[in-house]
Amino acid sequence: MKSLLYVATALAVFGLAFWAYQENYATQQVLKETRGLQREIGAAQVRLSVLRAEWAYLNRPDRLIELAELNFERLGLLPLRPDQFGRVDEVTYPVQPALQITQGVDVSGLNAASGEEVRP
Amino acid sequence: MIRKPLRPLARILDARAKGENPDSIEKENIRERHEEMQLKSRQRAEGRLLVLGVFFLCAYAAVAGRMGVMATSEPREPVASVPGSAIAMQRADIVDRQGRILATNFETHSLYAQPRQLIDPLAAAKGLVEIFPDLDQDRLLADFTGKRKFLWIKKKISPEQKQAVHDIGDPGLLFGPREMRLYPNGSVAAHVLGGAGFGKEGVSAAEVIGVAGVEKQFDTYLRDPSNGRKPLALSLDLTVQAAAERVLDGGMKLMGAKGATSILMDVKTGEVISVVSLPDFDPNERPRAPATGFDPSVSPLFNRAVQGVYELGSTFKIFAAAQAVDLGLVNPETVIDTRGPLRWGKFAIRDFRNYGNELSVTKIIVKSSNIGTARLAQQIGAERQRGFLDDLGMLEATPFEIVEAQGGKPLLPKNWSELSAMTISYGHGISTTPMHLAAGYAAIANGGHYVSPTILKQDGPQLGRRIMSVEAADAARIMLRKVVTEGTASFARVPGYQVGGKTGTADKPKPRGGYYEDKVIATFASMFPAHDPKYVLVVTLDEPSIIAHGEERRTAGWTAVPVAAEMVGRLAPLLGLRPQVEPAQVTGITLTSN
């Protein structure tokens, strides 16, 4: 009985040691992956902040004013003035394109052919 | 174990034969046995003590070792707990009210040299001077060949410059990563942002610290990593700010002024939408303040809006009128005696020109009569006037959140006598910043509540305590509107936006007392739209002078007012205010039916 207990204990110790070894290495692997990912996140954030800074630099008011002046002939942009406000009812509706008639039907001729009386 | 008998028969018999006492043999044996037992138990105890001693030694050694490791190693956060913590050391961005970037960070490099490792100091120095023309070759060479082991060459270099230095190919020239502060909009809002510089510098990193403006005021917030890189949102609007700077710059040049400032403020929240001080500078290359002979009125670093303490002249008259109405002393139609000059001791108060013997309170404001407001101040009394101006925040530096604002402490008379009260009523004898004036006008515009000017974005109205009745504020507002429609500020008629405001032209004080004859500070403090004010605009020009209608003119009505009117016409549409005029007829629309 006693020896059985000893054997069982020894086996349990073996098992636990094996499990702990495995967990240890799995944890280290995860930590390594985490570090890698964080490096990537860091690099992406740096890239993002550089892009944001560049975007802000390209959209700086001085440059936009210069661009608007350079391209005045094409765009005709001027500073916003009070008289440029409009009302919704001043906006023209786009002109509806005329319906294209693909198969013409002679309506009056149709009536005549069917022989029906046309009542006013 | 075989126990030794206590009375071995052979010895007993032997002793008996010899006639000795056999008991002594037993005693002897008992003694021996006891000795043996003692020895054994002592050995066991000693063994146990040894084991315990070894155990404790190991335990203490482990604790000490761990402590030693922790004390000597670099502190590091546990990797798994905080995601992205490795890159959280950046300073937070500063954005405008719509989230557009005003200040951000940029990765760059610094250049340093270790002269001991230089292979060819002469070639290195030559190459560096070619890349950076501002370096001095002889001095560089002296440093490279001298005793120095370490030398900073440039704090910030661009990627192109870095590549060029790489191409020199000397192993003694080294780079360190740097985080620099970038202001992508250049000089826009320069005085608010201030600028940043390097604090403690190491090879691998440098501390970025704010040196002025918002950067310095909120330095702790911006540097605190626990804010999670949340940007600092200002109340400024980048578009409005840029347009205001452009218009004011044009106006300043047109009016021949050597400096100008403007403040646009929301009357309910106290948010400053735009604050301009000209001349300005580029915060990316913040100029150094000269050590000696610092003349604030010409330095671009000087923020006129919050540091420029000026006598703002007649713009103060409306406060006297509003208070007199609030106290019930007068109503806008009450007639006041304005015969001049008004003598007080040896001091005489005169008007710009003679406006007749009597004027109503409204007319006093419209015509800008010094004598009339002095009479009002006499009725109010020095004590009550001081209390009222205190309520308006005119006696302390403004709570505006940039470091320079604390330096804008108003200059007050030492003894607030009745004469002081009379001169203060028309803006002489008290010097305040334009920001004070904007806060005061905001109180009139929002119906009588104090609002403290702020640079931070607010969620909703931040009305402070009531300092005058709605009726008094309304009366003052109507008077200000009449100044534009009938009075000194007729150039402020902007089609579509009803502007109400008061002009002020104050002679500049000489540094050694007295006033200049031909140098003035021209101010126009206004609010728009006048029937329901949303914004207050204060424009101040320093030493303006133009030739109009054949004579030289310096008064605010000719200088500050047209600039302010242009600003209103330009900025109000950007603020989303719809003009109340007939819009221009759009071609191509015909009214077909009604």
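1. Let's start with a residue pair you can find quickly in this predicted model. B:Met265 has B:Val272 as its bridge partner in β9(B). Another pair to look for is B:Ala260, whose bridge partner in β9(B) is B:Leu278. Altogether, 6 bridges link β8 of chain B (residues 259-266) with β9(B), and the two strands run antiparallel.

2. In the hairpin made by β8(B) and β9(B), 5 residues lie between the strands, and B:Gly270 adopts a positive phi near 80 degrees. As for β9 of chain B itself (residues 272-278), the strand is mostly covered, with 7 of its 7 residues buried.

3. Now for the sheet around this hairpin. It is an open sheet of 5 strands from chain B, arranged in the order β9-β8-β16-β15-β14 with antiparallel pairing. Because β9 and β14 (500-509) of chain B each have a single partner strand, they stand at the edges, and one side of each has no neighbour in the sheet. On average, neighbouring strands here are turned by 10 degrees against each other, ignoring direction.

4. Which strands does helix α16 of chain B lie across? This helix (residues 434-445) lies across β8, β15 (515-528) and β16 (535-542) of chain B, and runs at about 150 degrees to β16(B). Helix α18 of chain B (residues 560-574) also packs on the sheet, where it touches β8, β14, β15 and β16 of chain B. The direction of α18 makes about 140 degrees with that of β16(B).

5. Finally, the meeting of the two chains. How many residues does each chain bring to the contact? Chain A gives 26 residues and chain B gives 36 residues. On the side of chain A that touches chain B, α1 (2-58) and α2 (61-70) each supply at least two residues, and the largest share, 14 residues, comes from α1(A). Sorted by class, that side of chain A has 12 nonpolar, 7 polar and 7 charged residues.

How values were computed. Residues numbered from 1 in each chain as written. Chains lettered and ligands numbered in written order. Predicted model: local features only at pLDDT ≥ 70, side-chain atom pairs only at ≥ 80, totals over all residues. Buried ≥ 20, exposed ≤ 12 C-beta atoms within 10 Å, placed from the backbone. Helix = DSSP H or I, 4+ residues; strand = E, 2+ residues; numbered from the N terminus. Pairing = 2+ DSSP bridges. Contact = placed C-beta atoms within 7 Å. Nonpolar A, V, L, I, M, F, W, Y, C, P; charged D, E, K, R; others polar. Axes fitted to C-alpha atoms, helices over the stretch in contact; angles between N-to-C directions.
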